Amino acid sequence: MSAPHTDVEQVEAANTAFYEAMERGDFEELSSLWLTPADLGVDEEYHDPADTGVVSCVHPGWPVLTGRGEVLRSYALIMANTDYIQFFLTDVHVSVTGDTALVTCTENILSGGPAPKDGTELGPLVGQLVVATNVFRRTPSGWKLWSHHASPVLAEADDDGENGPDGTERDDEPLA
């Protein structure tokens, strides 16, 4: 077993590789970072991969996706429909216990939509703030993603205080 500080560094590297593969649109690399039944020593010929080490993913606003095929299909769709994406990770915290690691972070995302039909530049860039939890499992070939869960951060209230804590407009009129 590796030293604890080495484990944290290896998990940080695996987490960074995940986001860099997304930025490059490298589906093969991204796929290789997710846990497989073979990583767990399971012979897929005799066992249903969905029953062992099920991977899961929640993208902001999406339902829970389970199973390696469903999760990877979602990334293929995202990559096919995103011309540009960049992640600036902040508040990264890594915790390792045995063969499992938990990474929490804030994804400061900058993404671009399709280019205008008459131009070659990117479409408008959009910023988004998302908090994420990535769960990794140690395998013979390194740390692999077991689960990714990302949730949008709700916008803060306006400076004039007109929005409530849930982001909806407040009506401060007294009740009659």
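**Leu 110**

Leu 110 is partly exposed, with a relative accessible area of 27%. I found Leu 110 in strand β4. Which residue stands opposite Leu 110 in β5? I read off Gly 127 as the residue opposite.

Next I listed the contacts of Leu 110, not counting residues up to four places away in sequence. Leu 110 touches Tyr 84, Ile 85, Gln 86 and Phe 88, and also Leu 125, Val 126 and Gly 127. I checked one of these partners by distance. Leu 110 and Tyr 84 are 26 residues apart in sequence, and their C-alpha atoms are 7.9 Å apart in space.

**Ile 85**

I then moved to a partner of Leu 110, Ile 85. Ile 85 sits in strand β3. Is Ile 85 buried or exposed? I noted a relative accessible area of 14%, so Ile 85 is buried. The cut-off for buried is under 20%.

I set aside the neighbours of Ile 85 within four places in sequence. That left contacts with Met 22, Glu 23, Ile 109, Leu 110 and Ser 111. I also looked up Val 126, which is 41 residues from Ile 85 in sequence. From C-alpha to C-alpha, Ile 85 and Val 126 are 9.4 Å apart.

**Asp 91**

I stayed in strand β3 for Asp 91. Asp 91 is exposed, with a relative accessible area of 60%. Its phi is near 55 degrees, a positive value in a residue other than glycine. I wrote down the background for this: most residues other than glycine have a negative phi.

**The sheet**

In what order do the six strands form the open sheet? I traced β2-β1-β6-β5-β4-β3, with mixed pairing. β2 (65–66) and β3 (84–97) stand at the edges. Each has a single partner strand, so one side of each is left without a neighbour in the sheet.

I looked at two pairings more closely. Strand β4 (residues 100–112) runs antiparallel to strand β5 (residues 125–139), and 13 bridges join them. Ala 101 stands opposite Phe 136 of β5. I followed Phe 136 onward to β6, where its bridge partner is Leu 145.

How many bridges pair β5 with strand β6 (residues 142–152)? I counted ten, in the antiparallel sense. β5 and β6 form a hairpin, with two residues between them.

**Helix α3**

I tested the length of helix α3 (residues 68–80) next. It has 13 residues, and at 1.5 Å a residue they should span 18 Å. The end C-alpha atoms are 18 Å apart, which agrees.

I then sorted the residues of α3 by side. Val 71, Leu 72, Ser 74, Tyr 75 and Met 79 are its buried residues. Seen down the axis of α3, these fall within an arc of 150 degrees, so they line one face of the helix. Which exposed residues are on the face turned away from the buried side? I found Arg 73, Leu 77 and Ala 80 there.

**Cysteines**

I searched the whole structure for disulfides and found zero. Cys 57 is buried, with a relative accessible area of 0%. Cys 105 is buried too, at 5%.

**The chain overall**

I stepped back to the whole chain. It has three helices and six strands. From the N terminus on, the elements run α-α-β-β-α-β-β-β-β. Of the 176 residues, 32% count as buried. Among contacts with a separation of 6 or more, 51% join residues 24 or more positions apart.

**Confidence**

The chain has a mean pLDDT of 83, and 74% of its residues reach 70 or more. Which elements have the lowest and highest mean pLDDT? I noted β2 as the lowest at 92, and helix α2 (residues 27–32) as the highest at 97.

I marked two stretches for caution. Over residues 164–168 the pLDDT stays under 50, and the model has three contacts for them beyond four places in sequence. Residues 170–176 are also below 50. This second stretch has four contacts beyond near neighbours in sequence. Where pLDDT is low, the predicted coordinates should not be read in detail.

How values were computed. Residues numbered from 1 in each chain as written. Predicted model: local features only at pLDDT ≥ 70, side-chain atom pairs only at ≥ 80, totals over all residues. Heavy atoms only, no water. Disulfide = S-S within 2.5 Å. Buried < 20%, exposed > 50% of the residue type's maximum accessible area, 1.4 Å probe, protein only. Helix = DSSP H or I, 4+ residues; strand = E, 2+ residues; numbered from the N terminus. Expected span 1.5 Å × (residues − 1). Arc of directions from axis to C-beta. Pairing = 2+ DSSP bridges. pLDDT = per-residue confidence, 0-100. Contact = heavy atoms within 4.5 Å.
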